[in-house]
Amino acid sequence: MDKNAQPQKLAYIKTFGCQMNFHDSDIIAELLRQADFSIVEKADDADTIIFNTCTVRDHAENKFYSELGRYSKSGKKIVVAGCLSQIEGRGLMRRAPFVHAVVGPQYIYEIPSIIDAGKVVLTGDNPEFYLNSQPSVGKLSASVNIMYGCSRFCSYCIVPYTRGKEVSRKPEDIYNEINGIAQAGAREIILLGQNVNAYRYEETDFAALLKMVAKIPGISRIKFLSPNPASMTDRQIREIGSIPKCVPHIHLPLQSGSDRILKLMKRGYNSKTYMKKVEKIENYIKDAILTTDIIVGFPTETEDDFRQTLKIVGDVGFFNSFMFCYSKRRGTEASLMESQVDTELSKERLARLMEFQEKITAKKLTKYKGRIVSVFVDKRKKGGFSGRTRQDIVVNIESDKELFGKFVPIEIYEISKHTLKGREIA
Ligand code: SAH
Ligand code: SF4
Ligand code: F3S
């Protein structure tokens, strides 16, 4: 289109939540570009604002509402997409009548067309959603959905209600998408799914899919998020260990170390079976590091339950943990449980857990001092670059050479709180 013929349409996208949401925002940006929008970096410069929301915890929701409020009189077109839209639907528009459209995660492909239409609410299941595909192009590290939704219904979690039931994509479609983005320059692939290792399409399971992806030329690193311990088989672990392109970083969300709480959470494993998987990972995947997610203050959690969580965290020695206070989500099974833990007590446990984890992280990072590691440089920074080791640890590098997009041997000389600092070896 001749850009002088029509005024430019300018959109700004603000994303909350997890990697699936960030990937959805990349898709939305690409669809908008195809509809002659330019994506701008600042909300003030835009005439359309897309909020891609999250509702996994209270905090994510509150952050969105407080930002939304700032645009009530802005005159800009506001589209609210994402997981909160799916839950709130029309209610969101009643609460904020200046909102132009509310679209659930399965309606992202409709966004360009609704911006120019009247007020709409599009939520619920959309069978046509699964027929669409929009690869993220132009990225060194690109995400690909291999499955959508989640059917596990952990008792605390709202995701199965926001993202719909688990549906795995056809292996050929995944292959073609990755092949295309590899040809467009991607070197790293992140396979995405809420329960990513439960992937299955007819005879193809997650292990078979990894094998297939590893054959795609141009891809040097393969990552996946988030595997569920309950779906992690020995075969998968062996396969991950035997594919050099698979990074030796496994994010294995534990949630709690107490068997009683794990049962109430409906996680499908206990502390013993979890530890068995950890052992297998350490045996079969060379130099593996583990990270995790933990919830403290789940209804009825006692000091003793919490200590069992601390114990596993210490026993496994997670490289890092994402730690949260339990947040009551409407419609979930746990929201109906009596004996919700006092907020202050949860916060106090969270602080203790964080302090403990920080010590473990510091100890683990210290071991890297003086080591030479291969870093995939994927970001430009003031005075240099940053990249990630095979185990996905961030390394900051001061350099005036052009390292972007390269795999470079780096000597680590300094340790920060969560990252490393290194220089090229002469
Ligand atoms: N599918 C992934 C997790 C998705 S949500 C898995 O099963 O591991 C990301 C993390 O948010 C979860 O691992 C959990 O630790 C946290 N989370 C989910 N619901 C929560 C709630 N109601 N309160 C607090 N944390 C929650
Ligand atoms: Fe939520 Fe459990 Fe599904 Fe993860 S596996 S998204 S925690 S219901
Ligand atoms: Fe949030 Fe939805 Fe992801 S609720 S964590 S954005 S799946």
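## Ground rules

Residues count from 1 along each chain as its sequence is written, while chains are lettered from A and ligands numbered from 1 in the order in which they are written. In this predicted model local features need pLDDT of at least 70, side-chain atom pairs count only at pLDDT 80 or more, and totals for chains, interfaces and linings use all residues, with side-chain values taken from heavy atoms, leaving out hydrogens and water.

## Ligand shells

Start with ligand 2. Around it sit Cys150, Arg152, Phe153, Cys154, Tyr156, Cys157, Val159, Pro160, Gln194, Asn228 and Arg267, where being around a molecule takes a heavy atom within 4 Å of it. By class that makes seven nonpolar, two polar and two charged residues. Here Ala, Val, Leu, Ile, Met, Phe, Trp, Tyr, Cys and Pro are nonpolar, Asp, Glu, Lys and Arg are charged, and the others, Gly among them, are polar.

Ligand 3 has Cys18, Asn21, Cys54, Thr55, Val56, Cys83, Arg163 and Gln194 around it. Its shell splits into four nonpolar, three polar and one charged residues. Gln194 turns up in the ligand 2 shell and in the ligand 3 shell.

## Cavities

The structure has three cavities of 30 Å³ or more. A cavity is a set of points, on a 1 Å grid over the protein atoms alone, where a 1.4 Å probe fits but cannot get out, and lining residues have an atom within 4 Å of a point. Points are joined across faces, edges and corners, and the volume is the space filled by probe spheres set on them.

The largest cavity holds about 120 Å³. Its lining consists of Met20, Asp24, Pro105, Gln106, Phe129, Asn145, Met147, Tyr148, Gly149, Arg163 and Gln194, or five nonpolar, four polar and two charged residues. Both α1 (19-34) and β8 (147-148) give at least two residues to this lining; helices (H or I, at least four residues) and strands (E, at least two) are DSSP runs, numbered from the N terminus.

## The β7-β10-β13 sheet

Three strands make an open sheet in the order β7-β10-β13, paired in parallel; pairing takes at least two DSSP bridges between two strands. At the edges are β7 (141-145) and β13, each pairing on one side only. Neighbouring strands are turned by 25° against each other on average, direction ignored. Angles run from 0 to 180 degrees between N-to-C directions, using lines fitted to C-alpha atoms, for helices over the stretch in contact.

Five bridges link β10 (residues 188-192) to β13, and Leu191 has Phe224 in β13 as its bridge partner. Helix α8 (residues 206-214) packs on this sheet and touches β10 and β13, its direction making about 150° with that of β13; contact means heavy atoms within 4.5 Å.

## The β14-β15-β16 sheet

Another open sheet runs β14-β15-β16, with three strands paired in parallel. Since β14 (249-251) and β16 (320-325) are edge strands with a single partner each, one side of each has no neighbour in the sheet. The twist averages 10° from one strand to the next.

Three bridges tie β14 to β15 (residues 289-296), and His249 stands opposite Ile289 in β15. Helix α13 (residues 343-366) lies across β15 and β16, at about 175° to β16.

Most residues other than glycine have a negative phi, and most peptide bonds are trans. Leu225 and Ser226, however, are joined by a cis peptide bond, with omega about -20°. Ser226 lies in the loop between β13 (221-225) and α9 (234-242).

Lys266 is not a glycine, yet has a positive phi of about 65°. Its place is the loop between α10 (259-265) and α11 (271-284).

Conventions: 1 Å grid on protein atoms, 1.4 Å probe; cavity = no way out; pocket = protein on both sides within 12 Å on 5 of 7 lines; lining within 4 Å.
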